[in-house]
Amino acid sequence: MLRFLLLSLMAGLAACSAGTETAGGPETGDRMVATVLTTPEARDVHSYARPAEARVTHVALDLNADFDKRVLSGTARLDIQAADGAKQIVLDTRDLAIEAVTDSAGKALNWKLGAADAVHGAPLTVDIGDARQVTIRYATSPNAAALQWLTPAQTAGKQHPFLFSQGQAILNRSWIPTQDSPGIRQTWEARVTVPEPLVALMSADGNVAADAMAKGEGAGEGRRAFSFVMDKPVAPYLIAIAVGDIGFQSTGPRTGVFAEPATLKASAAEFADLEKFVDAAESLYGPYRWGRYDVIVLPPSFPFGGMENPLLTFATPTVIAGDKSLVSLIAHELAHSWSGNLVTNATWDDFWLNEGFTSYFENRIMEALYGKRRADMEADLAWTAMQDALKAAGGNGPDTQLHLNLTADRDPDEGMTQVAYDKGATFLRTLEQAVGREKWDAYLRGYFDRHAFQPQTSKGFLADLREHLIKGDKALEDKLQLDRWVYQPGLPDNAVRVASDAFPAVDKAALAFANGLPVDGAVAQATTWEKVRFLDSLPRTLSRERLDTLDRALGLSASGNSEVRFAWLKLAIANRYDPAVPSIEQFLTSQGRRKFVLPLFTALMAQGEWGQPVARRIYAKARPGYHSVTSGSVDGVVKG
């Protein structure tokens, strides 16, 4: 009876859309999300799905990893809820070889793969009739956009191959045929067969650790299988996989670090405070609802600093500085367990709901663990990064809004700029100052509780804010300028900036050096973020002699701190500093983190006859080792 009532309600909501194709649908897990998904602002132009008619609620994968062919192959069984009278379901795919589609009894179903485009892939339309479960037999392309297959030479251990995925924003359709829209949350399970002695990990319950690492279920000669279950509905971009020679080290009762054995000791030492991170986050905004929190440090080609895959953050080794100076990345990815994973942007127009909230939360975790001085330095640098991002996006252009208006012909990756992160965090910091931290924290904790495991839109957030925080206070409403923050470009005039009390001395040292004085001895002993501020504060035009002095004093070209090295190389490129070219080449060929790679290649290409040959030579060498997320961004810069 309950199922009949829910399906009837869904059909009624679909009818209310008056023929407009809006996202909508039935119950996900124990929560009705139809009221969000049927609103016009929740229509996802980057998915072929028509969830008001039929939607995926559960995915069961049974896949075999073939490292020789660089292919995952097997089946995806999809559970479906559909409106009365719905006869089809539309799925998202990209470069998948579909072999067959059957119902729960094994009966063949009619299906059609539509025309593909470069951004969205191709729609897979299945005639489901009365079927509410379908099984798709398929194989991925060797060039699947979400997957990177690494040779042994591309790993730290140099003995075994490695595979990892990166699904955000809409790349998971290249290895899973499902409705690849962040608002269509799905539970899932998987069985993955890999060659011995490799280990498979996924963003779900079932990751093995310590003495169980070498086990796994026998799956024929030379192969073994690993099984996983995610019983909480998640956005499909959060389904993730890693396969390789992987070890584990515990950091607490519910936390630990996975990495290649060659990098495990350093990785576990860097992230030794994981348990404290979880405790600090819970003390701010409520219980951690996912069970374990583990981190896997991937090979250096991973394109992001981190990816917040539930239960298993994927992290770049570029944050292994040896002194925990870059662990704010882990605070960020952990914070996503609330903002992004628990409450998720319904479409990529509202990416800021994930990243702005998370950037704010990250800073609060850092303050709780490492003190206000460090948190203030990071917040002050984020303000500068925001100003740079706003300028790069046109100052007052449409992409400086928090709520974007991405059209179907734009890759949602184009909206994943620092504007979402830093303008979003500044907005929340402005709200905090206006109402007071105690009141704001109580509101935000309640917000996560009210919308747990649901999609969200900017309109929905503002409605919740007005109902539960502003409560009709017109003076407060006017002071906050909510709609201006979210729907208008640029930076409102009430924006709150955190100014670090550590930076005036750094700025003074930078000015002194620019005026010909030696490097202040205190700079050599400064924190990572003080050094970054020092380098970023220097004029972009310096003499060869001044740059030589700077590099010798601080060891910049050989720095093992990726943030310091990045700041130095930007300065070196701006000055066409030839002695830094070997460092530039080593940095760009030893890691594939887009945050570093894209700006450096952009800077090189801007240096005309000096920089362009350097960029093209290095990119030809580096590109084969980059994930498609990075190469897809850099291609247009270096080749365009």
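Select strands β15 to β19: the five make up an open sheet of mixed pairing, ordered β15-β16-β17-β19-β18. Strands here are DSSP runs (E, at least two residues) and helices are likewise DSSP runs (H or I, at least four), numbered from the N terminus; two strands pair if DSSP finds at least two bridges between them. The model is predicted, so local features need pLDDT of at least 70 and side-chain atom pairs pLDDT 80 or more, whereas totals for chains, interfaces and linings use all residues. Residues are numbered from 1 along each chain as its sequence is written, and side-chain values use heavy atoms, without hydrogens and water.

Next, colour β15 (247-252) and β18 (306-307): each has a single partner strand, so one side of each lacks a neighbour in the sheet. β18 pairs with β19 (residues 312-315) in the antiparallel sense over two bridges. Within β19, F314 is the bridge partner of M307.

Angles run from 0 to 180 degrees between N-to-C directions, with axes fitted to C-alpha atoms, for helices over the stretch in contact. Helix α4 (residues 274-285) lies across β15, β16 and β17 at about 130° to β16.

Finally, move to α17 (residues 562-574) and α19 (residues 594-605), whose axes come within 10 Å and cross at roughly 10°. The two helices are therefore roughly parallel (angles under 35 degrees). Among the contact residues, show F566 and L569 of α17 with F596 and L600 of α19.

Notes
Parallel < 35°, antiparallel > 145°, perpendicular 65-115°, else oblique. Contact = heavy atoms within 4.5 Å.
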